[in-house]
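Here is a short briefing on one protein chain. Keep the sequence and the 3D view side by side while you read.

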Amino acid sequence: MSKVCELTGKKAMTGNKVSHANNKKKRRFNINLCKKRFFLIKEKKWITLKICAYGVKLINKIGIEKALKRYKKNIKFNK
């Protein structure tokens with residue numbers, strides 16, 4: 001199961017874990033993903049998306065239809 005937002009395409013990034021003694025060790029900054037179901041009114045069907053917290057906020061702000069139109073290239077519909 002990949003950790004990539006299906007709406008925005010955001011994925012984990014890498015960086016350093018820095019101790020108090022300034023020792024550096026590689027680490028991953030994972031994104032906050034959740035599985036969410038949305039109802040498409042025009043198509044009269046439910047879709048399930050794995051989206052990040054930013055994606056949820058975006059859908060709450062502009063709506064699912066506009067959000068899908070804005071990021072259309074990343075969406076894979078599940079039946």
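How many helices and strands make up the secondary structure of the protein chain? The chain has two helices and four strands. Along the sequence they follow the pattern β-β-β-β-α-α. Bear in mind that this is a predicted model.

**Overall picture**

- The protein chain has 79 residues, and 25% of them count as buried.

- Helix H1 spans residues 53-62, and its buried residues are Gly55, Val56, Leu58 and Ile59.
- These residues lie on the same side of H1, because they cover an arc of only 160° around the axis.
- The general rule behind such patterns is simple: an α-helix has 3.6 residues a turn, so residues three or four places apart point the same way.
- Lys57, Asn60 and Lys61 sit on the other side of H1, where they are exposed.
- What do the buried residues of H1 pack against? Their partners are E3, E4 and helix H2, which covers residues 64-70.

**The end of H1**

- Ile62 also belongs to helix H1. Its relative accessibility is 25%, so Ile62 counts as partly exposed.
- Setting aside neighbours within four places in sequence, Ile62 is in contact with Ala67 and Arg70.
- Gly63 follows H1. The phi of Gly63 is positive, near 100°.

- Strand E3 runs over residues 33-40 and includes Phe39.
- Phe39 has 36% relative accessibility and therefore counts as partly exposed.
- Strand E4 runs over residues 45-52 and includes Thr48.
- Thr48 is partly exposed because its relative accessible area is 29%, which falls between the cut-offs of 20% for buried and 50% for exposed.
- Thr48 and Lys36 are twelve residues apart along the chain, yet their C-alpha atoms are separated by 5.6 Å.

**The salt bridge**

- The structure holds one salt bridge.
- Glu43 and Lys45 form the pair, with their closest N and O atoms 3.6 Å apart.
- In general, side chains of opposite charge can pair when their charged atoms come close.
- Is Glu43 buried, exposed or partly exposed? At 47% relative accessibility, the answer for Glu43 is partly exposed.
- Lys45 counts as partly exposed too, with a relative accessibility of 27%.

- Thr8 lies in the segment before strand E1, which covers residues 13-18.
- Thr8 has a relative accessible area of 16%, so this residue is buried.
- A polar atom of the Thr8 side chain lies 3.5 Å from the backbone nitrogen of Lys10.

Note on methods: Residues numbered from 1 in each chain as written. Predicted model: local features only at pLDDT ≥ 70, side-chain atom pairs only at ≥ 80, totals over all residues. Heavy atoms only, no water. Buried < 20%, exposed > 50% of the residue type's maximum accessible area, 1.4 Å probe, protein only. Arc of directions from axis to C-beta. Contact = heavy atoms within 4.5 Å. Polar contact = N/O pair within 3.5 Å; in protein donor to acceptor, adjacent residues only side chain to side chain. Salt bridge = Lys/Arg side-chain N within 4 Å of Asp/Glu carboxyl O.
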